[in-house]
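My entries follow the order in which I checked things.

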Amino acid sequence: MTDRFSSRITKGVFMSRPTVRLGRPYTRPALETQPLPFRMRIAKSPEDIQRVCRHRGEAYARHQPDLVQRLSLCEPEADDLRDDVVLVMAESHEDGSILGSVRLTTNVNTPLRFEKEFDLPEKFKNCSLLEAGRMVTQNGPAGRMVVPGLIKAAFEISHHSGIDYSILIGRAPIDRMYHAMQFEDMFRGRKVVTSAQPGVEVTLFFMDILQADARWRAAQCPMYGFMAQTLHPDINIDHAFVQKRFKASLPLEEEASTISG
């Protein structure tokens with residue numbers, strides 16, 4: 001029977017479907033509204049996906065041209081076309097060009113690549129995990145706000161979709177940025193090589209979604225104002241679409257309200 005208690009077996013581990021979380025993921029109220037020089041949305045059409053992948057390939061070509069050739073990153077990868085994956089894209093208000101994107105994958109249907117390639121610490125077992133992968137942005141002033149925008153979108157998607165931990169990789173020197181954003185090093189300084197970037201040593205980072213707000217506040221993280229205390233109408237995420245893709249169940253009280261309504 002398929003209901004909110006449906007589950008799966010992955011590598012011998014019992015997994016429950018994530019449950020939608022309602023409300024804002026922050027303990028501090030928003031104090032202002034800020035327009036952004038781009039709109040952020042889900043890439044849904046084949047044309048959107050192709051544009052995202054073309055821009056991604058161009059971005060990787062600036063720093064890792066050999067990777068573009070080996071992985072054909074200018075074309076959609078198999079993961080880009082899965083019906084349980086979400087691509088978030090940032091489009092310039094000025095000319096409609098792609099300024100950045102990130103691919104979000106969960107372990108609801110199948111283990112993440114990191115679960116297959118590494119023995120993750122015990123705390124991540126039997127948890128809902130999300131990989132924020134293939135994150136790229138435009139160089140220069142046009143892309144300056146895109147990285148924090150993508151991080152905010154991925155975090156709020158993770159919260160509302162019932163994800164426990166968000167995971168991403170960072171090569172040097174980008175890893176310093178993730179440390180500053182209060183992502184935690186899963187292997188405590190040990191570098192790893194993944195199929196996402198073959199031959200490149202990276203740090204595997206994670207963020208505990210339910211503890212993120214407290215962690216940012218305790219560290220007096222400079223990005224907290226952007227994340228929690230500023231509304232960004234240009235970050236326009238279709239959470240119902242995302243939750244359907246991630247098979248996130250409604251809370252019992254919301255299910256009851258929907259049924260009675």
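Entry 1. I noted that the model is predicted. I began with Phe118 and Phe187, and I found that both are buried.

Entry 2. Next I looked up the aromatic pairs, and the count came to eight. I took Phe118 and Phe187 as one of them: their ring centres are 6.0 Å apart and their planes stand at 70°, which is over the 60 degrees needed, so I wrote the pair down as edge-to-face. Where do the two residues of this pair lie in the chain? Phe118 is in the loop between helix 3 (113-117) and strand 7 (129-137), while Phe187 is in the loop between strand 9 (184-185) and strand 10 (203-208). The pair therefore links parts of the chain that are 69 residues apart.

Entry 3. I then turned to Phe124 and Tyr165, another edge-to-face pair, with 4.7 Å from centre to centre and 65° between the planes. Phe124 lies in the loop between helix 3 and strand 7, and Tyr165 belongs to strand 8 (residues 165-170), so this pair ties together parts 41 residues apart in sequence. Are these two residues buried or exposed? Phe124 has a relative accessible area of 2%, so I listed it as buried. Tyr165 comes to 10% relative accessibility, and because the cut-off for buried is under 20%, Tyr165 counts as buried too.

Entry 4. I also found a cluster in which ring pairs link Tyr26, Phe155 and Trp216.

Entry 5. I checked for charges over rings. The charged end of Arg190 sits over the ring of Phe187, 4.4 Å from the ring centre. Lys44 has its charged end over the ring of Phe241, at 4.7 Å from the centre.

Entry 6. I moved on to nonpolar side chains. In soluble globular proteins, such side chains tend to be buried together. Which residues touch the most other members of the largest nonpolar core? Of its 43 residues, they are Val88, Leu104, Ile151 and Trp216. Elements that give two or more residues to this core include strand 5 (85-92), strand 6 (98-106), helix 4 (146-160) and helix 6 (212-218). Helix 4 gives the most, with eight residues.

Entry 7. I looked up Val88 by itself. Leaving aside neighbours within four places in sequence, I found Val88 in contact with residues including Met40, Ile42, Leu104, Leu150, Ile157 and Ile237.

How values were computed
Residues are numbered from 1 along each chain as its sequence is written. This is a predicted model: local features need pLDDT of at least 70, side-chain atom pairs count only at pLDDT 80 or more; totals for chains, interfaces and linings use all residues. Side-chain values use heavy atoms; hydrogens and water are left out. Rings of Phe, Tyr and Trp (its six-membered ring) pair if their centres lie within 6.5 Å; planes under 30 degrees apart count as stacked, over 60 as edge-to-face and the rest as tilted. Helices (H or I, at least four residues) and strands (E, at least two) are DSSP runs, numbered from the N terminus. Buried means under 20% relative accessible area, exposed over 50%, partly exposed in between (1.4 Å probe, protein chains only). A charge sits over a ring if NZ of Lys or CZ of Arg is within 6 Å of the ring centre and within 35 degrees of the ring normal. A nonpolar core is a set of buried Ala, Val, Leu, Ile, Met, Phe, Trp, Tyr and Cys residues joined through side-chain atoms within 4.5 Å. Contact means heavy atoms within 4.5 Å.
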